[in-house]
Amino acid sequence: MRAVRLSVVTAAATAAALAAVTGCAQKGDAKGGEADGVTVIAKDDSCEVSKTSFPAGHLKLNVENRGSKVTEVYVLYPDARIVTERENIGPGTKATVTAEIKAGDYEIACKPGMKGDGIKQKVTATAGKGAAAGPKRSPEMDAAVAAYRQYVQAQADETLPKVKTFTDAVRAGDVEAAKKAYADSRIGWERTEPVAESFGDIDPKVDVREDGLEAGQDPAKDWTGWHRLEKALWQDKKIGDREKQLADLLDKDLADWVKRVGKADITPTSMANGAKELLDEVATGKVTGEEERYSHTDLVDFKANVEGAQKSYELLKPVAQKNDPKLVAELDKQFAALNTLLDKYRTDKASYVFTSYDKVGKPERKELSDGVNALAEPLSKLAAAVVK
Amino acid sequence: MSEDTTTTATAEDTRVAGRPEGSAPSRRAVIGWGGAGLALGAAAAGGAVALARGREDDTAPVADTGSAVPFHGAHQAGIATAVQDRLHFASFDVKTTDRAELIQLLKDWTRAAERMTAGHEVGEGAYGGLPEAPPDDTGEALGLKPSRLTLTIGFGPSLFDGRFGLAGKRPAALVDLPKFPGDNLDAARSGGDLCVQACADDPQVAVHAIRNLARIGFGKVAVRWSQLGFGKTSSTTPDAQTPRNLFGFKDGTRNIAGTETDRLEKHVWVSGKDAQGPAAWLDGGSYLVARRIRMNIETWDRTPLAEQEDIFGRDKKEGAPVGKAKEHDEPFLKAMKPDSHVRLAHPDSNGGATILRRGYSFTDGTDGLGRLEAGLFFLAYQRDVRTGFIPVQTSLSRSDALNEYTQHVGSAIFAVPPGVRDKDDWWGRELFA
């Protein structure tokens, strides 16, 4: 560990920094190894950190829970992105949390009871003069990522009750009520699909289509999630015991998603490219009518994908505006154009009741596809405009 | 012909001059240099031209050298240019209603076409840029020669509908084609505001060109339909063998050659009286008719040889007209059956109507009924469609014995503007002036 720290410090060009840091380390060693890292004393109403400034490199938190509740400890970027974490630290127990960190500002948070935002403490990882400053981060970008993280979490949180309306109807054996609640239950997922899909184990459980199964997988056993229920409702037109089990499973898998979504790795470029990926989803699954082949609710997904992309874009816009105002003007125009086009397929602009996609003719599908291309192509340039 | 062969630089020469292998300029370097970098590239390319000039390019302009066809000239390349082996033809609808935006697109397309026909990548290239961003060029033509790529643009009648203030500039000869007997046109394979014809000896080079132009155009234009072609079915080089169509016959033997300046002036290039008034912008241009002609391959293949030869009016082996020995022997039309293809298509049967043919065979797999989805993608350039394609097709569609085996399923007409003169000029400048 010491070797690692030294190598980081060596990268700093000045002897002064070297002396300062090694001096600090020696002092720590003299204290009986405690400053081998940073001590965090977690209580029910406080989160004490032994020092708020430490060298970049290998960070070790020695956590002690002196409270009465189970707690968890996080190291966070300023945008609330998680660097590392440790859950389930019981009262009276100790735990260590480690991370490799670059120079910059961070927060250390304790979450007594494992609920809420936690008790936060600002800390700084220092590097010697001239050392790598870590990932390029501006306050604007951090704000954009933090706001998007909140959006993603809110979408997930708001989705659960809508899913429950759907799954309750399935459990009640009410085909019509289930059909009615189906598309609405997917909106939050579709708005944040690139993030949702980043949890590789959840996506195949909840959003796979029958043709997405692998050879050797049994559709009767291995096909789960929304589209399996979609087929039961629209094609088979009946709800059996298996469907009721699947409804329970969908609730469970999505609850897992809601719990984990806040920990997704989100950066300004992943936001920008995620926006483009949402349009890719539209281009490959929705415009073709493949996604919702039984319910034909593709335009609901389509709209949700566009909304999610637009949210990312709007949050990144202040940065993009500075770097590439022409691109921003083009994106504003194309988002507006695609939304106008989509509005042709719903009578009430406040609702998500869209024309059934099997009623959308070939020329109209091409028009939608052209609209997607018109937006997705400039959107693919957003990442470059953000990091420029 | 318009192209000045002395300016033909080979692919390697221009590529080395413009962008040395292994020393691709970084994205930032290119941005930083701006216009200076471009100017330097142009000057260096000029030097390469001087070096490359000489032996080969003068004596064998159409050999399969993979060389670049000059983009600039009085006429657009890709019309009288020696016919390349492959085609990717695309028709576009203009989606924007903003005239300035359309003009900008035509400028952007012109600059991209200049680069691609010279064997260069579009924009800042296919690699070396920001890792988080898609590259400007799609990259599948990297390492391939220019392959005599030509890109030719045309403007359809619908472009003159008033959206862009061009209604008064529609030339009288840019007519809506009449309905010919037997036509079975699919609207999804017909028409278009703009077209780009990409011809090259390498199919990947032609496809790359259309793909990148479409990409640049997203939001401003959308591909309406496109067609791939292979096995040129006509030649603009008289000494070369006339290629055969998918029926196994030579056709278009008397096609206008790229070297026949007088016939090109007379039958292909718009000029003089017909380029006055609303059509003045078209001086040096031409008119293009594109027809997707489906061939009933299987029934043709079951037709007796004698009947096949009667239908065309030629023999199958040599391609000689009825009663003659050699393909290029002057046909004696009266010796042919009245409904034979050569007799009906011949200029002497159509008041002298002559067109420049640039057709390609196409095979788009099978048609779902187990039959070859194949035929001829017919491209005809002429000075005036009313005295070119229309009289010939009127006569053919009424009586041609070949009609039993063919059907026209796609159709489009375009006014083809004159050539791009230099680096400051752009496709359609005269039209939008």
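A salt bridge here is a side-chain nitrogen of Lys or Arg within 4 Å of a carboxyl oxygen of Asp or Glu. The model shown in all views is predicted.

**View 1. A salt bridge in chain B joins B:Asp85 and B:Lys232.** The N to O distance between the two side chains is 3.9 Å, inside the 4 Å cut-off. Over all chains, the count of salt bridges comes to 64.

**View 2. A salt bridge connects B:Lys95 with A:Asp370.** The closest N and O atoms of this pair are 3.5 Å apart. Between chain A and chain B the count is 3 salt bridges. The interface also has 4 residue pairs in polar contact, both residues at pLDDT 80 or more.

**View 3. The side of chain A that touches chain B draws on several helices.** Helices H10 (268-286), H12 (325-343), H13 (362-379) and H14 (382-387) of chain A each supply at least two residues. H13(A) gives the largest share, 6 residues. By class, this side of chain A has 4 nonpolar, 5 polar and 7 charged residues. In total, 16 residues of chain A are in contact with 16 residues of chain B. The two chains bury about 1,200 Å² between them, 53% of it on carbon and sulfur atoms.

**View 4. Helix H11 of chain A bends at A:Lys317.** The bend is about 60°, and a proline, A:Pro318, follows within four residues. H11(A) has 26 residues (298-323), so at 1.5 Å a residue the helix should span 38 Å.

How values were computed
Residues are numbered from 1 along each chain as its sequence is written. Chains are lettered from A and ligands numbered from 1 in the order in which they are written. This is a predicted model: local features need pLDDT of at least 70, side-chain atom pairs count only at pLDDT 80 or more; totals for chains, interfaces and linings use all residues. Side-chain values use heavy atoms; hydrogens and water are left out. Contact means heavy atoms within 4.5 Å. Buried area is the accessible area (1.4 Å probe) that two parts lose on being put together, summed over both. A polar contact is a pair of N or O atoms within 3.5 Å; within protein, one must be able to donate a hydrogen and the other to accept it, and residues adjacent in sequence count only if both atoms are side-chain atoms. Ala, Val, Leu, Ile, Met, Phe, Trp, Tyr, Cys and Pro count as nonpolar, Asp, Glu, Lys and Arg as charged, and the others, Gly among them, as polar. The expected span of a helix is 1.5 Å times one less than its number of residues. The bend at a residue is the angle between axes fitted to the seven residues ending there and the seven starting there.
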